[in-house]
Amino acid sequence: MAAEIHSRPQSRRPVLLSKVEGHQDAVSAALLIPKEDGVITAGEDRTIRVWLKRDSGQYWPSIYHTMASPCSAMAYHHDSRRIFVGQDNGAIMEFHISEDFNKMNFVKTYPAHQNRVSAIIFCLASEWLISTGHDKCISWMCTRSGSMLGRHYFTSWASCLQYDHETQHAFVGDYSGQITLLKLEQNTCSVITTLKGHEGSITSLWWDPVQRLLFSGASDHSIIMWDIGGRKGRTLLLQGHHDKVQAICYIQLTRQLVSCSADGGIAVWNMDISREEAPQWLESDSCQKCEQPFFWNIKQMWDTKTIGLRQHHCRKCGQAVCGKCSTKRSSYPIMGFEFQVRVCDSCFESIKDEDRTSLATFHEGKHNISHMSMDISRGLMVTCGSDRIVKIWDMTPVVGCSLATGFSSR
C-alpha cells in the first residue's frame with residue numbers, strides 16, 4: 001500500500017521520502033502529525049485515515065473511518081487530539097483520536113453549511129470552529145455547545161480561510177477573486193475591508209501573524225503578498241507557476257514562501273530581500289512611447305489617417321504601449337516575474353543581466369497537487385491530489401538551508 005522512496009540527497013531539491021496509496025478517490029486534505037511519523041488523510045471516497053510509519057518504513061492505516069459524505073476539508077489540533085472533518089453535505093464532524101492513534105471516537109456534528117465545506121479552522125482559546133463553504137458563507141460555531149454563533153454571506157463561493165487568533169480577524173477568499181477581511185464577534189461580525197488584485201478565483205491563503213503578511217494564491221497562476229501590518233497597502237506579485245496555485249505556506253523563520261500548483265509545480269520563493277511592487281497598468285488612447293493611436297481612438301485615427309493598434313502593457317513600468325514598442329520579453333524576478341513577460345523596449349534596455357537572476361527555485365512534484373501542508377519544525381511537507389496519491393517530502397535541501405538550526409526534532 002505504500003512504498004519507501006529515496007532521492008539523491010546531494011541535489012538541492014525536495015527529497016521524496018514516501019508515497020502513501022490506498023484512497024479510492026481524490027485526496028482532499030492531508031496533514032502530518034506533529035512529533036509523530038504519521039499522516040492523516042481525508043478523501044472524496046468518504047474516508048478518514050490515519051497512517052503510521054511501521055518499522056519496515058512503510059505507512060499503514062491504523063485508523064480507517066467511513067463518513068456519510070465525501071470529505072472536503074480537515075483541521076487537526078494535536079495537543080487535544082481533536083480532529084474536525086468538513087464534508088460535501090455541509091456538515092462538520094468532530095472526533096477525538098486516541099493517544100496511540102489506533103482509535104477515533106465521534107464527538108459531535110456541527111450543521112455548519114448548506115453545501116460543501118471548503119476550509120476549517122479551530123481556535124482553542126475561544127472554543128470556536130470557523131469554516132467556509134460553497135453556500136457562500138463563513139460560519140463560526142461554539143465547540144462547547146455545538147451551536148451556531150454567526151454567519152456572514154458573500155456573493156461567491158467562499159473557497160479558503162485564514163484566521164488571526166489574537167485579533168479575531170478572518171480572511172476569506174472567494175471564487176470572484178476577492179478577499180474579505182472580517183472582524184468576528186460573539187454573535188456578529190463587521191467587514192473591515194476587501195482586497196482585490198487577482199484575476200481569478202482565490203484558491204489558497206496564508207496568514208503570518210508575526211510580520212502581519214497575507215499571501216494569496218489564485219487560479220490566475222499568481223501569488224500576491226499583502227502587507228497588512230504595513231498599513232500602506234503594499235502588495236507584491238509573484239508569478240512563476242504555469243497553473244493555478246493550490247496551496248501556500250510561509251516560513252517566517254527563513255522568510256521563504258512555499259507554493260504548489262495544479263500541474264505539480266513546487267516553488268520556494270526568497271522573501272528575505274527587498275522586492276519591487278509591480279506597477280498599476282496605465283490607460284491611454286495612444287501608445288505612450290510612439291503616440292500611435294489604439295484601435296478604439298477613432299478621432300486620432302481619422303485625423304492622422306492611420307490604422308489603430310492593439311494596446312499592450314509593459315510589466316515593468318506599466319505604460320500602455322503598442323506591439324512595435326514592446327517587442328522584447330524579459331524575466332524580472334525582483335518584481336516577481338520569474339518567467340519572461342512583455343516589457344517596453346526602453347525598460348528592456350534598463351534591465352541588467354544580474355537583474356534576471358531568479359529569486360525562487362522550482363521543482364517537480366510529479367502529481368496533480370490539490371492540497372499541501374507543512375510541518376515547518378521538521379522541514380517536512382505532504383502533498384495530495386486527484387491522482388489519489390499522498391507524497392511526503394523532505395524540504396530541508398531547499399528550505400532553511402542557511403538556517404538549519406530552525407528545524408528541530410521537536
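Q: Is S69 buried or exposed?
A: S69 counts as buried in this predicted model, because its relative accessibility is 8%, below the 20% limit for that class.

Q: Where does S69 sit in the fold?
A: In the loop between β6 (59–66) and β7 (71–77).

Q: And what does S69 touch, leaving out residues up to four places away in sequence?
A: S69 touches R46, Q87, D88 and N89.

Q: How far is S69 from A91, C-alpha to C-alpha?
A: The C-alpha atoms of S69 and A91 are separated by 8.9 Å. Along the chain these two residues are 22 residues apart.

Q: Next loop, then. Where is D79, and is D79 buried or exposed?
A: D79 is in the loop between β7 and β8 (82–87). D79 counts as exposed, because its relative accessibility is 66% and the class begins over 50%.

Q: What is the C-alpha separation of D79 and P34?
A: It is 9.3 Å for D79 and P34, which are 45 residues apart along the chain.

Q: Where is F101, and how accessible is it?
A: F101 lies in the loop between β9 (92–97) and β10 (104–110). Its relative accessibility is 2%, so F101 counts as buried.

Q: What about phi of K136?
A: Phi of K136 is near 65 degrees, again positive in a residue other than glycine. K136 is in the loop between β12 and β13.

Q: H134 next: which loop is it in?
A: H134 is in the loop between β12 (128–133) and β13 (137–142). H134 is buried, with a relative accessible area of 13%.

Q: What is H134 in contact with, leaving aside neighbours within four places in sequence?
A: N115, R116, S118, W157, A158 and Y175.

Q: Now H169. Which strand is H169 in?
A: H169 lies in β16, which covers residues 169–174.

Q: What polar contact does the H169 side chain make?
A: The H169 side chain makes a polar contact with the side chain of T167, at 2.8 Å.

Q: And the contacts of H169 beyond four places in sequence?
A: H169 is in contact with Q162, Y163, D164, L181, L182, K183 and I192.

Q: Zooming out, how many helices and strands are there?
A: The protein chain has 2 helices and 33 strands.

Q: What share of the residues is buried?
A: Of the 410 residues, 55% count as buried. The accessible surface of the chain is about 18200 Å², with 48% of that belonging to carbon and sulfur atoms.

Q: What about contacts between residues at least 24 apart?
A: They make up 46% of the contacts between residues at least 6 apart in sequence.

Q: Last one: how are the charges placed?
A: The chain has 43 positive and 42 negative charges, and their mean positions are 2 Å apart.

Technical notes
Residues numbered from 1 in each chain as written. Predicted model: local features only at pLDDT ≥ 70, side-chain atom pairs only at ≥ 80, totals over all residues. Heavy atoms only, no water. Helix = DSSP H or I, 4+ residues; strand = E, 2+ residues; numbered from the N terminus. Polar contact = N/O pair within 3.5 Å; in protein donor to acceptor, adjacent residues only side chain to side chain. Contact = heavy atoms within 4.5 Å. Buried < 20%, exposed > 50% of the residue type's maximum accessible area, 1.4 Å probe, protein only. Areas by Shrake-Rupley, 256 points an atom, 1.4 Å probe, with all protein chains shown as cover. Lys, Arg positive; Asp, Glu negative; His and termini not counted. Charge placed at Lys NZ, Arg CZ, Asp CG, Glu CD.
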